[in-house]
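Please open the model in your viewer, with selection by chain and residue number at hand, and follow the stops below in order.

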Amino acid sequence: MIDNLNWPATLVFVFFFALVTVMGFYASRWKAGPLDALHEWGLGGRRFGAWISWFLIGGDLYTAYTVIAVPAVIYAIGAYGFFAVPYTILIYPFLFVAFPRLWAVTHKHQYITAGDFIYGRYGNKWLELAVCFTGIIATMPYIALQLVGMERVIQALGFHGEGVFAHLPLTIAFVILALYTYSSGLRAPAMIAFVKDTMIYIFVIAAVVIVPIQLGGYGAIFDAAQKVFDAKGGATGLTLKPAQTMPFITLAIGSAMALFLYPHSLTGILAASRADAIKRNAIALPAYSLVLGLIGIMGFMAHAAGVKVANPQDAVPQLFLKQFPSWFAGFTFAAIAIGALVPAAVMSIGAANTFTRNFWKPFVQPDISSTGEAALAKVVSLIVKLGALLILFVMPTQFAIDLQLLGGVWMVQIFPALIFGLYTRWYSGQALLIGWAVGIVLGTWLSWGPTAWTPASNFFGWLSFNAYNGLISVLVNIVIATVLTPLLRSSAPDQTAETDYEDARVLA
Amino acid sequence: MRYLLLLIPCVLALMTPLYNSIEPRLFGFPMFYWFLLLLIPVSALFILAAYKGEAK
């Protein structure tokens with residue numbers, strides 16, 4: 001099991017893991033508040049200023065899976081995998097314009113989740129439930145994929161277990177994570193994010209400086225990668241082929257629309273102390289996108305370094321083992337593993353918040369107390385993490401990847417309800433609900449291929465090119481909601497007023 | 001209306017014919033990569049400008 005363990009790398013890895021574990025438990029005393037209230041446990045008491053939010057949101061969005069998957073796709077198919085960069089260019093103008101409004105209205109009305117706002121705005125608890133379950137179902141495979149990212153680096157350390165021991169290190173890591181998330185809530189990932197992000201910046205800077213020196217410069221790296229793609233027959237390469245252009249563009253747009261609708265993204269944003277902190281972060285968070293782009297280039301570096309792996313997800317770990325001393329590879333792997341902990345914690349908290357607020361409270365126990373809410377959410381966060389662990393144990397990894405892909409297609413379906421709702425109450429809740437349902441079914445149907453789930457399609461032959469199914473289906477969703485709204489006028493009350501959305505700029 | 005300026009980096013990011021080529025290279029990076037990587041800080045500057053414009 002541990003005969004082939006790379007000891008220097010493993011010791012460094014274990015050291016950093018132990019460090020963040022201590023921090024995770026200590027975090028319950030940080031910016032102390034009554035952790036038996038849901039907005040304290042699940043939103044850090046909305047006490048995070050611009051700096052903490054930068055680390056938390058950055059640590060939350062740029063996950064371990066991203067760090068493994070983006071270079072893996074670029075290693076496997078080249079330029080197309082770089083769609084992550086235009087995608088991250090689109091998200092911040094969107095964050096800047098729309099989300100300070102969401103922060104303002106949620107702060108005013110003490111909403112904690114997207115579902116809370118949806119109910120407040122449209123007075124339709126079925127739409128609230130749809131938003132809640134879309135979020136939870138899209139989040140579960142996403143957490144499972146964080147575990148996949150973590151397991152890749154644990155294997156790269158030389159650990160190979162059999163049978164029940166196969167997932168042993170991962171299970172231990174996850175149980176520890178579950179315990180400190182339970183006790184410290186959102187404060188734990190916020191505090192750990194400082195360590196995680198600092199480590200990621202260090203290893204990325206080291207890699208983009210040192211690897212090109214070893215391999216003869218960036219020109220040589222790209223040339224070497226070009227040769228590998230040419231040898232594969234030229235269907236993929238360093239630039240987009242004509243058939244890849246529209247999928248590339250639509251995938252960037254659709255993914256950008258979906259990103260901030262996920263419960264974990266919203267949890268990170270709503271935990272900010274002021275709307276201004278969100279605006280400042282829209283300016284400063286692109287620093288992470290630059291890092292992500294550079295991590296993507298590591299897929300090409302792996303080719304240039306002669307890394308040959310059957311599973312592209314092993315490309316970056318193997319690159320580091322090959323080009324760096326063991327202790328630094330251990331440091332990098334620890335950064336990636338800790339990079340899994342932060343989003344996994346925030347995701348489970350986001351899912352727990354919405355389960356408690358938008359399913360349990362309206363449908364099961366309307367008279368639940370504030371302390372009851374927090375107690376329930378803590379337990380749900382444990383269940384969500386165990387569920388993700390189970391997904392990994394009993395299902396093939398490919399299934400989790402497919403589910404995550406579908407999760408994006410589903411998640412974007414709440415876009416009209418949530419984002420349009422920030423600007424207008426013209427839409428009726430029922431029309432939005434029908435649009436949502438059609439979008440979910442259509443998006444799933446389009447993605448269902450004869451042999452595998454596919455992200456893009458030509459919309460039953462109506463388009464002359466392939467486009468991202470999430471984008472096609474949400475456009476249909478919007479058309480349906482718009483057409484049905486005049487027919488399904490609702491008289492449900494709107495708890496919010498126009499001025500609730502304005503940024504009441506606090507002069508500090 | 002001033003938010004319309006924010007569309008500029010978004011449109012540039014999606015106009016693949018503009019940058020989908022190997023040449024000209026910059027520090028060895030094919031254009032496809034340096035253009036997109038450079039656009040990230042440029043887009044942040046646009047958001048900064050919108051933020052400054054709001055404060056007035």
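Select Ala377(A), which sits in helix α17 of chain A; helices here are DSSP runs of H or I with at least four residues, and strands are runs of E with at least two, numbered from the N terminus. The model is predicted, so that local features need pLDDT of at least 70 and side-chain atom pairs count only at pLDDT 80 or more, while totals for chains, interfaces and linings use all residues. Residues are numbered from 1 along each chain as its sequence is written, and chains are lettered from A and ligands numbered from 1 in the order in which they are written.

Is Ala377(A) buried or exposed? Ala377(A) counts as buried because it has 25 C-beta neighbours inside 10 Å, the cut-offs being 20 or more other C-beta atoms within 10 Å for buried, 12 or fewer for exposed, and partly exposed in between, with C-beta atoms placed from the backbone. Leaving aside residues up to four places away in sequence, Ala377(A) touches Leu38(A), Trp41(A), Gly42(A), Ala352(A), Asn353(A) and Thr356(A), where contact requires C-beta atoms, placed from the backbone, within 7 Å.

Next, select helix α8 of chain A, residues 168-184. Its 17 residues reach 24 Å from first C-alpha to last, close to the 24 Å expected at 1.5 Å a residue, that expectation being 1.5 Å times one less than the number of residues. Among the buried residues of α8(A) are Leu170(A), Phe174(A), Leu177(A) and Tyr180(A), and the buried residues of this helix pack against α1, α7, α9, α16 and α17 of chain A. Just after α8(A), Gly185(A) takes a positive phi of about 65°.

Now display α3 (residues 50-61) together with α12 (residues 263-270), both of chain A, which pack at an angle of about 175° with their axes 9 Å apart; axes are lines fitted to C-alpha atoms, for helices over the stretch in contact, and angles run from 0 to 180 degrees between N-to-C directions. The helices α3(A) and α12(A) are therefore roughly antiparallel, a label for angles over 145 degrees, with under 35 roughly parallel, 65 to 115 roughly perpendicular and the rest oblique. Here Leu56(A), Ile57(A), Asp60(A) and Leu61(A) of α3(A) meet His264(A), Ser265(A), Gly268(A) and Ile269(A) of α12(A).

Finally, show both chains: their contact takes 29 residues from chain A and 28 residues from chain B. On the side of chain A that touches chain B, α5(A) gives the largest share, eight residues.

Definitions and conventions: Two residues are in contact if their C-beta atoms, placed from the backbone, lie within 7 Å.
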